[in-house]
Amino acid sequence: MNKQETVLVEVNPREIVFLDFLLEGFNGLGIGHTVDPKKARVAIYTTETMREELIATLKNLPLEIKIIDW
């Protein structure tokens, strides 16, 4: 069984919905949840086996994403 992992990121507040849309497009990569709307912090829930792929994907998205904790 895969262990759940959380990756915490910050994005431009106007891009939170777009980030969620992109995550949905990568079926199974992760599920986003806004934890602090003022700072635009989003927790992305993924699995232990998908975590590295999620990080690599986040670094290549056409968004400015700051990875806070992973």
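User: Which strand holds isoleucine 31?

Analyst: Strands are DSSP runs of E with at least two residues, numbered from the N terminus, and isoleucine 31 is found in strand β2, residues 31-36. This is a predicted model, in which local features need pLDDT of at least 70 and side-chain atom pairs count only at pLDDT 80 or more, while totals for chains, interfaces and linings use all residues. Residues are numbered from 1 along each chain as its sequence is written, and side-chain values use heavy atoms, with hydrogens and water left out.

User: Is isoleucine 31 buried or exposed?

Analyst: Buried means under 20% relative accessible area, exposed over 50%, and partly exposed in between, with a 1.4 Å probe and protein chains only. Isoleucine 31 counts as exposed because its relative accessibility is 60%.

User: Where is threonine 46, and what is in contact with it?

Analyst: Threonine 46 has its place in strand β3 and is buried, at a relative accessible area of 6%. Contact means heavy atoms within 4.5 Å; leaving aside neighbours within four places in sequence, threonine 46 is in contact with Lys3, Gln4, Glu5, Leu29, Gly30, Arg51 and Leu54. Its side chain also reaches the backbone oxygen of leucine 29 at 2.7 Å.

User: Which residues does leucine 19 touch?

Analyst: Not counting residues up to four places away in sequence, leucine 19 touches Val9, Val11, Val42, Leu58, Leu61, Leu63 and Ile65.

User: How many residues has the largest nonpolar core?

Analyst: A nonpolar core is a set of buried Ala, Val, Leu, Ile, Met, Phe, Trp, Tyr and Cys residues joined through side-chain atoms within 4.5 Å. The largest one here has 17 residues, and Leu19 is among those with the most contacts inside it.

Methods: Helices (H or I, at least four residues) and strands (E, at least two) are DSSP runs, numbered from the N terminus. A polar contact is a pair of N or O atoms within 3.5 Å; within protein, one must be able to donate a hydrogen and the other to accept it, and residues adjacent in sequence count only if both atoms are side-chain atoms.
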